[in-house]
Amino acid sequence: MRRIDRGVVTGSRLAQKAGFQQAHISNFLNRKRALSLEGLDRVMEAQGLTVEQILPVDLAAGAASEEEAIDPVEAVPIVSPSAAIDDAKIAGAAVIETLPVVGARLRENRAKPAPRRTQWERFVAVRVDAQQASAMAPVLAVGALAVIDRHYNSLAPYRANQPNIYAVRSGSMLMLRYVDFDDRHLILRPFLREFPVQLIGLREGESPSDYIVGRVCLVVAEV
C-alpha cells in the first residue's frame, strides 16, 4: 500500500504481474477479501519481497522510507556445545553453519550478564541432540536450533510465571534445562517428570553464573 500511495506501482500493474484479475487484487487491497498463501506468495514475488523483510513491525514505519523499514538479518553462528561453553569469541573455524535471524528479534532480548561475560560474543546457536530433546520434549525437539543469549547468566525470571530454559555447563557437557538454585546446588530440571533432576554442587567462591552459559532465547525447529 505504501508503494501504491507513492505511485511506485498501481493496483492494475500489481494484478498483472501477480497473475490476478484487477478486481481480485482491488478487493484484497481494500481488505474485502483475503488471499490464499499461494496468492500471497505470488504478490510478494511480484514485488520482490521476502518474508524476512515484512516480519519486523515498526509503528513509525508509515513515515519511513522502504529501506529504513527493512531490518537487516543477522547471522547467528551455529557451533558445537564446547564452543558455546568455552569460546568468548567465535572463530570462523568453529562455525558449523549460520542461522539467519531478524536483527530486531535479537536486540529485543534484555541482558543480565555476569561481569566476566560482558565481552563475550553474545548470541550463538547449538543443535538439539536426541539426549537433550528426550528430557525436554516437546519444548525442544531433535534437530531444532537453540539460540543462546550468553549475556543472560542470571537466575532472575525473564518473564513472570514462565521459567527460563538455560544452557548450563555440567562437566564437559552442555545441558539445556530449567534451573533452580538451592543450598549451594544448581538444580537442573527436565520438562518431562520421568527424567531425573540433576544437581551441580558449587564450590566455595563459585556462583551460578560460573555454570550458566546463557538463556535459550529462541528455538528454531528443523524444517
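Reader: Hi! What share of the 223 residues in the protein is buried?
Author: Buried residues make up 39% of the 223. Buried means under 20% relative accessible area, exposed over 50%, and partly exposed in between, with a 1.4 Å probe and protein chains only. This is a predicted model, where local features need pLDDT of at least 70, side-chain atom pairs count only at pLDDT 80 or more, and totals for chains, interfaces and linings use all residues. Residues are numbered from 1 along each chain as its sequence is written, and side-chain values use heavy atoms, with hydrogens and water left out.

Reader: Thanks. How many helices and strands in the secondary structure?
Author: Nine helices and nine strands. Both are DSSP runs numbered from the N terminus: helices are H or I with at least four residues, strands are E with at least two.

Reader: Which residues touch the most other members in the largest nonpolar core?
Author: Val-79, Val-126, Val-128, Ile-148, Leu-174 and Leu-176, out of 22 residues in that core. A nonpolar core here is a set of buried Ala, Val, Leu, Ile, Met, Phe, Trp, Tyr and Cys residues joined through side-chain atoms within 4.5 Å.

Reader: And which elements each supply at least two residues of this core?
Author: Two helices are H7 (81-86) and H9 (130-136). The strands are E3 (123-127), E4 (145-149), E5 (165-170), E6 (173-182) and E9 (212-220).

Reader: What does Val-126 touch?
Author: Leaving out residues up to four places away in sequence, Val-126 touches Val-79, Ser-80, Pro-81, Ala-84, Ala-144, Leu-145, Ala-146, Ile-148 and Leu-174. Contact means heavy atoms within 4.5 Å.

Reader: Switching to H2, which of its residues are buried?
Author: Leu-14, Ala-15 and Ala-18, in a helix that spans residues 11-18. Seen down the axis of H2, they fall within an arc of 100° (taken from the directions from the helix axis to the C-beta atoms), so they line one face of the helix.

Reader: What covers them?
Author: The cover includes helix H3 (22-29) and helix H4 (37-46). Gly-11, Ser-12, Leu-14 and Ala-15 in H2 meet Gln-22, Ile-25 and Leu-29 in H3.

Reader: At roughly what angle do the axes of H2 and H3 cross?
Author: Roughly 115°, and the axes come within 9 Å. Those axes are lines fitted to C-alpha atoms, for helices over the stretch in contact, with angles from 0 to 180 degrees between N-to-C directions.

Reader: Now charges. How many salt bridges does the structure hold?
Author: Seven. Each is a side-chain nitrogen of Lys or Arg within 4 Å of a carboxyl oxygen of Asp or Glu. One of them joins Arg-107 and Glu-74 (3.7 Å, N to O). Arg-107 lies in helix H8 (residues 103-107) and Glu-74 in strand E1 (residues 73-78), so the pair ties together parts that are 33 residues apart in sequence.

Reader: Is Arg-107 buried or exposed?
Author: Arg-107 counts as exposed, at 51% relative accessibility, while Glu-74 is partly exposed at 35%.

Reader: Which residue does Asp-210 meet in a salt bridge?
Author: Arg-116, again at 3.7 Å, N to O. Asp-210 lies in the loop between strand E8 (198-201) and E9, and Arg-116 in the loop between H8 and E3, so this pair ties together parts that are 94 residues apart in sequence.

Reader: And Arg-189?
Author: Arg-189 forms a salt bridge with Asp-180, their closest N and O atoms being 2.5 Å apart.
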